[in-house]
Structures are given as C-alpha cells and as structure tokens.
Amino acid sequence: MSRFRALFASVCASLWLSGCSLWPAEDNPFTTVESSSDFSDAILGVYSLITWITCVVGVLVAILMVYVLIKFRDDGSPGNPEQVHGNTAMELGWTLIPVVLVIFMVVPTIRTIFEIADAAPDDAIEIRVVGKRWWWEFEYIEEGIITANEIHVPAGRPVNLLIESDSVIHSFWVPRLGGKRDAVPGRINRMWWTITDEVAAGETILYRGECAEYCGESHALMKFDVIAHDDAGYAEWLELMKAPPVVADAAVREAGEEAFAAGGCIGCHALTNIDGAVARIGPNLTRLGNRRMIASGTMENTTEHLASWIENQEEWKPGTSYNKLGDPRFDGMLIPVELSEQQVDALATYLSALQ
Ligand code: CUA
C-alpha cells in the first residue's frame, strides 16, 4: 500500500511540476496551454501535435520494453540464450519510422515559424513597446498616446507590436497571447496577434504579461496588463486617453502640483496636465488613476500604495533608478528631492485623482 501511495505521490508531483497546475486560465493567468490569440493558436497547434506524437512513441516504447523484459527474462535454462546478429527489416524500421515522425513534426513547425514571422496586416494597430528598468512603456504610434504597464487593445483586430529596449535585454511575454519576444537595445523586434476571445459589450478581458528575460535585480517585478475591449470600448478608451484628466478638487490639484514641482518629478515623468512635463525616463503619469496596477503590475493601484511607493520605491522594487543619486541618466537634470510626509500624501492623492 505504501508503495502505491509513493507511486501516486510521485505521479502527482510530476504532473504538477510539468505544468498541469497552470490550468484553467481563470485561476492561472500565466498559463501557456490556453490560447486567446491567433498567434498562440498557431504555437499551441505545433505544441499539441509534437506532444501527442511523443506521447504515443513514449507509450509504445514502454510497452515494447515491458514485453521484452518479460519475454526474454532469465527462466533458469542452462547455457546462453539464442544469439542474433543483424536484422535488416528491424534496422530499416527503426531508421525510417523516426525519419517519418520527424518530417511530421518539422513541416508544421517550419510552416508556423514562417506564418508568425509574416508582416502584420496593413490595418493593424501599431504599438511601440519599450522595455525599461523595470517597467514597460507603450506608445500608440498613430494615436500619439504614451502610457505605461497597461496596453488596451480591441479584440478581433490585429495588433502589431514593435518591441525594443532602452537599457538591457528584456523579453515581452503574454503567455495567453503569444510567445516571448526579446526587447533588445538598438533593434526593433516585431510580433503581431489578434485576440480571438469574444469580449462582451462593456466588458473587458485581462491578460497578464511579464518580462521573460533576466534583466537585473527587479526582473521578477516587471509585469504588465493587456486589457481587451470590444470595438466601442476601445474607441472610448482612446478618447479618454486623448483628453487630459480633470482633477475637480482644486485643493487636491494645487497641493499635488506643488508637490510634483517640489519633488522634481518633472525631470523624469510626463504628465499632460503640467506644462513642460514631457520627460520619458520614468512612466508617463497621465491618467495614472485609471490604471489597474502601479509599479509595473506589482501593486494594486491605491492612494496608500502610491504614497508608499513614492517614499520607498527601493524597498518595493530594488534598483529602481528613480531617486538614485549618481545614476548617469540623471546627469544635468533635476534630481528628485526628499518630500515631506504631507507632500507625499498630497502627491499620491493627486496622482490617484488623475482619471
Ligand atoms: Cu526586464 Cu526581465
């Protein structure tokens, strides 16, 4: 009985370790075995084909091995067993069968590689993706919208991503939408996909993404969201992003803008509400209040988290250049200064109100 239990436990452990726990998608946003785009459909098709072929081969080989072990076991007869030298039929068989199997796997693989490397359709929405340390900048090229750590796209329409980096090599990865693509400084890598999930009117679907290439101490904290809308919802989002956010409460606005100026935030961050705030070293803060998460998909977007982030970003995300004296990227620029507790709170309240 205990041997059976040990066997059962080891089978469960292998299944768990081999990724069976990454299903279903609702509980496991980083699953790679549930596809939501044409791109990942293509990859999953090849993946399933190869998995099934190798499973069948594995089972047949195991059965054959068990048969040979039983049939040719030592039955106690005296002398050597029958000695066999050469068997043309078997040798041909074990050469040709693998060749045929490899052809069955290689042809669809190469076809898929060419398919996903094709140029994007002309009507694709172009988004420039820049991997930064340790967050993502997204620029809607035609619309002139720049945002961070959250891409909004319409389902059913092709999206063409032009992926690059301003720092080290990162890798853009949304497991349910497609494979990884390296973000390399000085080079643009492309990837395009169309979301195949149906989005109900007024609803959205969230896909989680992350950096998939080790890029330094906060690599694990470089996540982002892809939010799919229906066509009307996407058009609404574009309109929203083009209009500057309105902070109705004058006291909040004044205190926030005063803290923004005092902190030297303008040296790194863009914010359409403030004249001259156009820098692109840190994330664009326009409509920060509308984002689901802050700190690159790692903290829920609340005023408390924002205040804590402004004060202790090194604690939340080690190595963040913001506030780091001596970083060459700050040369000749405003250096952020220490803010008082009241100023931090005013700034967090103001940023939360930018919606
Ligand atoms: Cu960026 Cu890992």
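How do strand β5 and β8 pair, and over how many bridges? Strand β5, residues 158–165, pairs with β8 in the antiparallel sense over six bridges. Welcome to a predicted model, in which local features need pLDDT of at least 70, side-chain atom pairs count only at pLDDT 80 or more, and totals for chains, interfaces and linings use all residues. Residues are numbered from 1 along each chain as its sequence is written, and side-chain values use heavy atoms, leaving out hydrogens and water.

**Overall build**
- The protein has seven helices and 12 strands; these are DSSP runs numbered from the N terminus, with helices being H or I of at least four residues and strands E of at least two.
- With a radius of gyration of 27 Å, well over the 20 Å that the globule rule gives for 355 residues, the protein is more spread out than a compact globule. This radius is taken over C-alpha atoms, and the rule is 2.2 Å times the number of residues to the power 0.38.
- Taken along the principal axes, the C-alpha atoms fill a box of roughly 100 × 50 × 40 Å.

**The five-stranded sheet**
- An open sheet with mixed pairing is formed by five strands in the order β3-β2-β1-β5-β8; two strands pair if DSSP finds at least two bridges between them.
- At the edges are β3 (145–148) and β8 (189–194), each of which pairs on one side only.
- On average, neighbouring strands of this sheet are turned by 25° against each other, direction ignored.
- P158 has T194 in β8 as its bridge partner.
- Helix α4 (residues 231–242) lies across β1 (125–132), β2 (135–140) and β3, and runs at about 95° to β3. Contact here means heavy atoms within 4.5 Å, while axes are lines fitted to C-alpha atoms, for helices over the stretch in contact, with angles from 0 to 180 degrees between N-to-C directions.

- The largest pocket holds about 450 Å³ of space. Of its 16 lining residues, K71, F72, P81, E82 and V84 are the closest to its centre.
- A pocket is an open set of points on a 1 Å grid over the protein atoms alone, where a 1.4 Å probe fits, with protein on both sides within 12 Å along at least five of seven lines; lining residues have an atom within 4 Å of a point. Its volume is the space filled by probe spheres set on the points, which are joined across faces, edges and corners.
- The second largest pocket has a volume of about 310 Å³, and its lining includes W94 and M90.
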